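Me: Please examine the model shown below, with attention to its salt bridges and one of its pockets.

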Amino acid sequence: IIRRRDSMRTLIIGAGASGLAAAVTLKRSCPQMDVVLVEKLAEPGRKILATGNGRCNLSNTDLSVSCYHGDSSLIYSVLNRFGTEDCLDFFHSLGLLTLEEEGRLYPLSMNAATVRNVLLEEVERLGIRVESDFAVGSIAPGFTVTDKSGERTLHGDFVLLSLGGKADAAHGTDGDGYPMLKRLGIRYAPISPALTALKTDDRIRPLKGLRFRGSATLLDEKEQLIGKEEGELQFTDSGLSGIPAFQLSGDAAVLTKTQRLTALLDFCPNLPDLAVLDYLQDRMMHGTPDEPVLHLLTGLLQEKLARFLLGEFGMDADTPVHRLSIQDLASLAEVIKGYRLTVTGTKSFKDAQVTRGGVPADELVEGSFESRTVQNLWFAGELLNVDGACGGYNLHFAWGSGILAAKEIAQRAQNI
């Protein structure tokens, strides 16, 4: 049953990035709509504060589809209708000034709280009601939304589910949207953590805390390429962290459930293989015969890393260089350019930034974010089967899908 047009209400469940963008857009598009933000935490937008290391990388100037994983039709649906300029226009309309840093877009303040604040100020200005500390327990089509205590109930004509995924539960996204989907009869692709650290065999534990600029290449059990990323990496007590590891983690989390993966670490990605060997040969040629082999690596690697790799090579750091053959140097160069690690998995959802998996395109009305199964129910953000790389891609998809879903709801309301 739909209420009279002048009293229609939309319940937006989840007041994160996509929910806040949707609420503002819907109220602007349809001022007569009663828009209610339903948030399980004490305040909206908590997860926004943690994005971009507290700086909120809100979008990117290069919105390539290749920077996303999941349903291509959903990715295209957002990127074709909500580009970088659309994102900037939306935030500029809120009074937010922005800056670009190597393609990544940030608030001029370089503080994530600024982004949340301009959104919340617009929510207040528009008269959008916020129901906080409301953990949804059930949704009955029609719609009646009840909290987990059973003591609070809300009614609405339209519902937008923007609950987020299961990553980073400390900021409210603990996966409680998935049981709701099951109860509503809505299928979703299996979920796993993404943008998190890789777990590897424990040989590298002595290097815990060491950072280096290099590349990581992920191979499957047949030595086929899964992905390659370059940048700053860090050894941890359980494996590898840093943006390159994060970028590879979505695939690793899925594939390590059924097979053993290998990571090849290149500690000198800017040098070709032969250049490293030539460097070692040149150092040996111009050194003294009794010079320790560690000195060959002084200008190439951090000492702690050099000692570790020599140990892995089965050689003491004080071994005189005259004991090394050309084959030894070639093998050492090979280790430097392709140190092999077994990847056993990834860190858990608790330590992940986003969720891989979610509601697929075939559960939605074609070209829309509305459910095929439940009329007048829409989805936005991380609950959908799309996840992006580091660099503002996930937030862009959140803003975009929320804004586009809100426009669909407004159009539906205007046609009633």
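Reply: Buried means under 20% relative accessible area, exposed over 50%, and partly exposed in between (1.4 Å probe, protein chains only). The model is predicted, so local features need pLDDT of at least 70 and side-chain atom pairs count only at pLDDT 80 or more, while totals for chains, interfaces and linings use all residues. Residues are numbered from 1 along each chain as its sequence is written, and side-chain values use heavy atoms, with hydrogens and water left out.

Me: How many salt bridges does a search of the whole structure find?

Reply: A salt bridge is a side-chain nitrogen of Lys or Arg within 4 Å of a carboxyl oxygen of Asp or Glu. By that criterion, the search of the whole structure gives a total of 24.

Me: Which residue forms a salt bridge with glutamate 131?

Reply: Helices (H or I, at least four residues) and strands (E, at least two) are DSSP runs, numbered from the N terminus. Glutamate 131 lies in strand β7 and the partner in the loop between β9 and β10, so the pair ties together parts 21 residues apart in sequence. With the closest N and O atoms 2.8 Å apart, the partner is arginine 152.

Me: How many residues apart in sequence are the parts that glutamate 223 and arginine 340 tie together?

Reply: The side chains of glutamate 223 and arginine 340 meet in a salt bridge at 2.9 Å, N to O. Glutamate 223 is partly exposed at 40%, and arginine 340 is partly exposed at 39%. Because glutamate 223 lies in the loop between β14 and β15 and arginine 340 in strand β18, the separation is 117 residues.

Me: Is arginine 356 buried or exposed?

Reply: Arginine 356 meets aspartate 387 in a salt bridge at 3.1 Å, N to O. Aspartate 387 has a relative accessible area of 3% and is buried. With a relative accessible area of 9%, arginine 356 is buried.

Me: Which element gives the largest share of the lining of the second largest pocket?

Reply: On a 1 Å grid over the protein atoms alone, a pocket is an open set of points where a 1.4 Å probe fits, with protein on both sides within 12 Å along at least five of seven lines; lining residues have an atom within 4 Å of a point. The second largest pocket is lined by 20 residues, with Arg356 among those nearest its centre. Elements giving two or more residues to this lining include β15 and β21. The largest share, 6 residues, comes from α6.
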